[in-house]
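Subject: Structure handover

Hello,

Here is the structure for you to look over. My notes on it follow below.

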Amino acid sequence: MPAAIEEQPVTSVFLAILPDQAAAEKIARCACEVRARHDLKGASLPTGRFHVTLHTFDHAPRALERSIQVAQMVAEKVVKDVSPFEVQFDRVKSFSEKKSNAPCVLADREGNEPLRAFVSRLKREMGRPAGNFAPQVTLLYEDAIVKEEYVEPVCWRVNEIVLLKAIMHRKTFQELGRWAFEG
């Protein structure tokens with residue numbers, strides 16, 4: 001009998017934003033168009049897997065429960081006084097130059113300043129340096145490199161953040177919490 005989803009090996013635990021249904025469908029169409037245009041072999045991710053990762057937490061078995069607690073506390077605090085904002089992605093490119101299983105992502109060349117500011121606030125709240133946050137949505141994994149190109153913009157309104165646990169070998173997420181912006 002398979003282990004319950006909560007007991008299966010965790011690939012990652014992370015805070016994210018999710019596209020609304022209309023944006024997720026547009027992202028899926030974009031992934032299909034990119035696959036066809038570049039003759040890519042990698043399968044597009046399922047519509048329910050599209051997301052923008054804001055921060056990944058330690059998911060080692062000994063640290064998992066504590067990481068989830070910290071993420072929940074930070075999420076509760078960081079959504080206060082934040083108003084919903086728009087995001088827009090208008091570029092497709094390979095995220096890495098590795099020749100095997102490179103993520104092909106939907107990205108932005110510049111912009112998404114409210115999202116970048118929110119992530120900086122999130123990192124400060126956790127006592128971490130803001131770093132260089134590059135918002136992106138993974139479309140598929142591919143062995144070929146896709147050079148950056150313009151695509152029809154995909155936009156949506158961000159109203160909340162979500163804490164997700166990715167389950168290894170299941171290619172699925174378990175939602176651990178959801179926090180609406182309170183601004």
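**What was found**

Cys155 is partly exposed, because its relative accessible area is 39% and partly exposed covers the range between under 20% (buried) and over 50% (exposed). Please bear in mind that this is a predicted model.

Cys155 sits in strand β6, which spans residues 149-158. Apart from neighbours within four places in sequence, the residues in contact with Cys155 are Ala23, Val87 and Gln88. As for Ala75, 80 residues away from Cys155 along the chain, the C-alpha atoms of the two are separated by 23 Å.

The next residue is Lys123, found in helix α3 (residues 113-125). Lys123 is buried and has no salt bridge. Which side chain of opposite charge is nearest to Lys123? That is Glu125, 13 Å away, whereas a salt bridge needs a nitrogen and a carboxyl oxygen within 4 Å. Not counting residues up to four places away in sequence, Lys123 touches Leu54, His55, Arg128, Pro129 and Ala130.

Helix α3 also packs against helix α2 (residues 64-78), at an angle of about 130° and with the axes 10 Å apart. The two helices are therefore oblique to each other, since an angle over 145 degrees would be needed to count as roughly antiparallel and 65 to 115 counts as roughly perpendicular. The crossing of α2 and α3 is right-handed. On the α2 side, the residues that meet α3 are Val74, Lys77 and Val78; on the α3 side they are Phe118, Arg121, Leu122 and Glu125.

Regards

Note on methods. Residues numbered from 1 in each chain as written. Predicted model: local features only at pLDDT ≥ 70, side-chain atom pairs only at ≥ 80, totals over all residues. Heavy atoms only, no water. Helix = DSSP H or I, 4+ residues; strand = E, 2+ residues; numbered from the N terminus. Buried < 20%, exposed > 50% of the residue type's maximum accessible area, 1.4 Å probe, protein only. Contact = heavy atoms within 4.5 Å. Lys, Arg positive; Asp, Glu negative; His and termini not counted. Axes fitted to C-alpha atoms, helices over the stretch in contact; angles between N-to-C directions. Parallel < 35°, antiparallel > 145°, perpendicular 65-115°, else oblique. Left-handed = near helix turned anticlockwise from the far one by under 90°.
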